[in-house]
Amino acid sequence: MRLAARRRRAVFGTAVAVTAVLGLTGCGAPPWAQGGGQAPASASPTATMTTAPQPVRNDLSSGSTQRSLTAGSVAATVNYWSTLSMDRWTATALKPVNLSMETTVTPNDGQKVYLQRATMTAVPGNASQSFAALSPQSDQTDAPGYLVLSPYSYSQTFNVGEVPAEVTFVTLQFTFEFLVQTTPTSNEFAKQTASDSLTVAIAGGGDAGTGG
């Protein structure tokens, strides 16, 4: 009797174990085991995009620059530079701008070329706005003017005064007015005008960098 009871209990226990295994199998794979058996990746952090400030253009970053200008029959070569180093071109400093010029004329029949007036106007600005222009500076002499036909040349220094603290550059606008003899012996002249502009960075202006 006791032996039979033990056999029944053993069979009953085996049946219960099989049922438990089948029950687990019927429930299916856990969520993290589906789709390749890998746990879902944690959400990646959102990337924050920052825009680096653009370097400020500086036409005098190398110390000087040369321009070729044309005004009718007159071709002018102009050199610009500053005796004040670029790191000292601050908003409050007096900033000198030097220039030298000589010209040729085509056709060259012996007539002379004179510079009657040279004008510089400085316009301060930054990436978002322009400020009121500083007072124009001019160099003018009695007619017909300064002889600038090569090998003769013209030199002058203008100055950029104080600008607002938020300014990061100044645009220097130049106008050159020439008088050209109509013939080598004539007292009559033709007027020709050439324009040019430079951008020069202000050191430390608006905490902006400088570029060439």
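Biologist: On what basis are residues numbered and values computed here?

Modeller: Residues are numbered from 1 along each chain as its sequence is written, and side-chain values use heavy atoms, with hydrogens and water left out. The model is predicted, so local features need pLDDT of at least 70 and side-chain atom pairs count only at pLDDT 80 or more, while totals for chains, interfaces and linings use all residues.

Biologist: What percentage of the contacts in the protein chain with a separation of 6 or more joins residues 24 or more positions apart?

Modeller: Contact means heavy atoms within 4.5 Å. Among contacts in the protein chain with a separation of 6 or more, residues 24 or more positions apart account for 66%.

Biologist: How many bridges join strand 2 to strand 3?

Modeller: Strand 3 (residues 95-105) pairs with strand 7 in the antiparallel sense over seven bridges. Strand 2 (residues 74-81) also runs antiparallel to strand 3, and the bridges joining these two number eight.

Biologist: Which residue in strand 7 is the bridge partner of Leu 99?

Modeller: Leu 99 of strand 3 stands opposite Tyr 80. In strand 7, the bridge partner of Leu 99 is Gln 156.

Biologist: How many residues of strand 3 are buried?

Modeller: Buried means under 20% relative accessible area, exposed over 50%, and partly exposed in between (1.4 Å probe, protein chains only). Across the protein chain of 212 residues, buried residues make up 34%. Strand 3 is mostly covered, and of its eleven residues the number buried is nine.

Biologist: How far from Asp 139 is the nearest side chain of opposite charge?

Modeller: Asp 139 lies in strand 5 (residues 137-140). Lys and Arg count as positive and Asp and Glu as negative, whereas His and the chain ends are not counted. A salt bridge requires a side-chain nitrogen of Lys or Arg within 4 Å of a carboxyl oxygen of Asp or Glu. Asp 139 is buried yet has no salt bridge, and the nearest side chain of opposite charge, Arg 117, is at 9.7 Å.

Biologist: With which side chain does Asp 139 make a polar contact of 2.8 Å?

Modeller: A polar contact is a pair of N or O atoms within 3.5 Å; within protein, one must be able to donate a hydrogen and the other to accept it, and residues adjacent in sequence count only if both atoms are side-chain atoms. The polar contact of 2.8 Å joins the side chain of Asp 139 to that of Gln 156.

Biologist: Why does Phe 176 count as buried?

Modeller: Phe 176 is found in strand 8 (residues 169-181). Leaving aside neighbours within four places in sequence, Phe 176 is in contact with residues including Val 78, Tyr 80, Leu 99 and Met 101. Phe 176 counts as buried because its relative accessibility is 0%.

Biologist: How far apart are the C-alpha atoms of Phe 176 and Ala 76?

Modeller: Phe 176 and Ala 76 are 100 residues apart along the chain. Their C-alpha atoms are separated by 9.6 Å.

Biologist: Which residues are linked in a network of salt bridges?

Modeller: A search of the whole structure finds five salt bridges. Among them, Arg 57 meets Asp 59 at 3.1 Å, N to O, and Asp 59 meets Arg 67, with the closest N and O atoms 3.5 Å apart. Arg 67 also forms a salt bridge with Asp 196, at 2.8 Å between the closest N and O atoms; this pair links strand 1 to strand 9 (residues 189-201) across 129 residues. The network comprises Arg 57, Asp 59, Arg 67 and Asp 196.

Biologist: Is Arg 57 buried, partly exposed or exposed?

Modeller: Asp 59 counts as buried because its relative accessibility is 15%, and Arg 67 counts as buried at 19%. Asp 196 is buried too, with a relative accessible area of 12%. Arg 57 has a relative accessible area of 48% and is therefore partly exposed.

How values were computed
Two strands pair if DSSP finds at least two bridges between them. Helices (H or I, at least four residues) and strands (E, at least two) are DSSP runs, numbered from the N terminus.
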